[in-house]
Amino acid sequence: MIAKIKEQKNGRGKVVEFYREEILRILMNDYGYRYAKVGKKKYFLKLKDNTYKVVRIDHIRREFANHMKDKFESLEIDGKIECNDFINEYYRQDPIKLDLSHEILSEDFLLTEKEEHDLKLKLDDDYSFKYRKKEILSFLKNEDFTEVIEIKTLSKYYTLFYKKTEKNKFLTFKVTEHKHAKQITVEFGKIKAVTMKEFLKRKSDVVNINLDFNLDTDIESYKQELRPNER
């Protein structure tokens, strides 16, 4: 039951009493809305395609309005009222309030470690910056790349990593830290050179393969460069 309809004593209309908790449980159970802590802050979340995304409470309110419009004939309402009158009263009263929404939508709910990690990568610039930096540096270390510091200032820091993969070929990764913006950019490229001395002279002549390399989506392009004879 989501509401009860009463006739006004003067007979000039109807009074709608919304059952706020029941509305929130429909939103939670049928539409995947939740409320949880991500890092140091709390957010309203919606589960879609097995992934939680952050939403505003206005989005939740509109979702239930659409639910009522689409399913008005089957809604559990104690009493009779026209659909338009019911929707208008819903908007007028705005029964989905922050206090109870926080309580009901967080009930018996904790994000998994992976779910919180994925959300923090999107929501927390500092967390994302540190994680992406650690991730790419660990990858380059495991792949036996050599590091050469190129530029270091208060706002920008970039390092060139290189590895010889063939007789006349070096692969390079330029990792740039934009400290004020809390971002990491990774440029993947290659240089034609036979000796280390030649490479160092020609390192500005890099042939770019990917100017925004991402380990999650672009690792295959790196592996492809390690096996040129198969191309």
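Let me begin with lysine 174, which lies over the face of tyrosine 158, at 4.1 Å from the ring centre; a charge is taken to sit over a ring if NZ of Lys or CZ of Arg is within 6 Å of the ring centre and within 35 degrees of the ring normal. Please keep in mind that this is a predicted model, in which local features need pLDDT of at least 70 and side-chain atom pairs count only at pLDDT 80 or more, while totals for chains, interfaces and linings use all residues. Residues are numbered from 1 along each chain as its sequence is written, and side-chain values use heavy atoms, with hydrogens and water left out.

Staying with rings, a search of the whole structure finds 19 aromatic pairs, where rings of Phe, Tyr and Trp (its six-membered ring) pair if their centres lie within 6.5 Å, and planes under 30 degrees apart count as stacked, over 60 as edge-to-face and the rest as tilted. One of these is the tilted pair of phenylalanine 145 and tyrosine 222, with 6.2 Å centre to centre and 45° between the planes. This pair links distant parts of the chain, 77 residues apart, since phenylalanine 145 is in the loop between helix H6 (125–142) and strand E7 (146–152), and tyrosine 222 is in helix H8 (residues 215–226); helices (H or I, at least four residues) and strands (E, at least two) are DSSP runs, numbered from the N terminus.

Phenylalanine 173 and phenylalanine 188, by contrast, form a stacked pair, 4.6 Å centre to centre with 15° between the planes. Here phenylalanine 173 belongs to strand E9 (residues 169–178) and phenylalanine 188 to strand E10 (residues 183–192), 15 residues apart. Phenylalanine 173 is buried at 0% relative accessibility, and phenylalanine 188 is buried, with a relative accessible area of 0%. Elsewhere, ring pairs link Phe18, Phe64, Phe72, Phe86, Tyr90 and Tyr91 into a cluster.

Turning to the strands, which pair if DSSP finds at least two bridges between them, there is an open sheet of three strands in the order E3-E4-E5, with antiparallel pairing. Its edge strands are strand E3 (33–38) and strand E5 (51–55), each pairing on one side only. Strand E4 (residues 41–48) is joined to E5 by five bridges, and lysine 46 has lysine 53 in E5 as its bridge partner. Helix H1 (residues 20–31) lies across E3 and E4, running at about 85° to E3, where axes are lines fitted to C-alpha atoms, for helices over the stretch in contact (heavy atoms within 4.5 Å), and angles run from 0 to 180 degrees between N-to-C directions. Helix H4 (residues 98–105) also lies across E3 and E4, at about 85° to E3.

Strand E1 (residues 3–7) is joined by five bridges to strand E2 (residues 14–18), running antiparallel, and isoleucine 5 stands opposite valine 16 in E2. Two bridges join E1 to strand E6 (residues 77–78), and these run parallel, with aspartate 78 in E6 as the bridge partner of lysine 4.

How values were computed
Buried < 20%, exposed > 50% of the residue type's maximum accessible area, 1.4 Å probe, protein only.
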